[in-house]
Amino acid sequence: MHVLSVLRRTVTTAAALAAAVVPALALAPAAHADQARALRSGFTVYTNERNVPTPGLENFGAVRSTVAYDYFHLTCDAAGCYSDGGALPTEDAYKAKILDYVQQFHGGPTDPVVLDFEPIALTEVSGPAATNAFALWKQLIHWTHEAMPKAPVGAYGYDWKTTNIDLVKKLHAPGLLDFFAPRAYFDKTPGMTGWNSNLDGALANDHAIAPGQPVVPYISPSFSGNTGTGYLDGTQIDTIFATLKAKTQGVVVWEPDAKGPAACGWFNAFSANMGTLTNTASHGPLTAKATTPGGDCTVPAGATTTVPVTFTNTSSAATAATTVQAPGGLPAGWSVTWSDTSVPALAPGAACTTSFTVTAPAAGPDNTALLHQTTGLGDTRFAMVAY
């Protein structure tokens, strides 16, 4: 049974919300706001993934995080706030749904939770409705912290807007929101100029509201964050990563997918950027170039495919004979076997060829894999998509 069907259909006003919020906060342990709710240090890439198969971006070094959607269909007007037009959820119903989303997205107890309640975002309401929404936000943020006491909590929004900025500032007071999670999806129009403008506006507002709080924007490999609109290319992904690394504390990749050759541009660029961030970038005088039969990053799902590989000595000195190491860390259902692991001594600029067979799962949790083509003289990353 839908949890809301058993709730009494009433209107909750700002005054009633305030009366409920104050006692709840007063009863919270004194140390609650001091618990470990910090984001990871450095520039961290988070990923929201739940629909099988997923790209499995954690296999490339991303960290799972949770987004809590507007399951209760929250709205506010001058008279009060509502869920599906009626009574707001109980504390137990709300906390249960937060924990359900954490399970869906496989978030850890200390990994961020982002509240995506766009109809009541303070930039989207005005007048008494904003006052009511503010009181509701305080209650919901408090309940989220109670449900996930060690997880930092942020709110997805349109941070370049200044509507109700004073109320937004109060939501980023100690014990409430811990970080900003602005929309930073790339729209075809107005393109990179518009993207940079919105990002800079969001950062200016966020830094003015809470100078010490991290900003972790939401991005997507799809235009406007909508699957089916096409994928960004590798250059666009590289530009977005370079900009965000210089200006923010991290990024959340929202519900990404990788379906077919069209995904290779964003996916290869993402893999290369993650190699840099995790200090596992391709390196060494001995480099490898793998080429799938289709000439892209894809291999057939549910099949075994032979992939030719060319090892080249890119240095100015001869390289000693070496061997290809057995691959490790492949996702469930993936397997790789080399036809010949021996790489002979190579003069500068010389090359040799070998191959590996890769078996990709027909179905499984992840439809991508990262293969490290590692020898004693270097390592080359090769990202694959099963399709």
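A disulfide is taken here as a pair of cysteine sulfur atoms within 2.5 Å. In this predicted model, Cys 76 and Cys 81 meet that criterion, with an S to S distance of 2.1 Å. The torsion about their S-S bond is about 105 degrees, so the disulfide is right-handed. Both Cys 76 and Cys 81 are buried.

The structure holds 2 disulfides. The other one joins Cys 264 to Cys 297, and its S to S distance is 2.1 Å. For Cys 264 and Cys 297 the torsion about the S-S bond is about -90 degrees, and this disulfide is therefore left-handed. Cys 264 belongs to helix 7, which covers residues 264–277, while Cys 297 is located in the loop between strand 11 (286–290) and strand 12 (298–299); the bond therefore ties together parts that are 33 residues apart in sequence. As with the pair formed by Cys 76 and Cys 81, both of which are buried, Cys 264 and Cys 297 are both buried.

When bonded cysteines are counted along the chain, the disulfides of the protein follow the pattern 1-2, 3-4. In this pattern, Cys 76 is joined to Cys 81, and Cys 264 is joined to Cys 297.

A further cysteine, Cys 352, was also examined for accessibility. Its relative accessible area is 13%. Because buried means under 20% relative accessible area, Cys 352 is classed as buried.

Technical notes. Residues numbered from 1 in each chain as written. Predicted model: local features only at pLDDT ≥ 70, side-chain atom pairs only at ≥ 80, totals over all residues. Heavy atoms only, no water. Buried < 20%, exposed > 50% of the residue type's maximum accessible area, 1.4 Å probe, protein only. Helix = DSSP H or I, 4+ residues; strand = E, 2+ residues; numbered from the N terminus.
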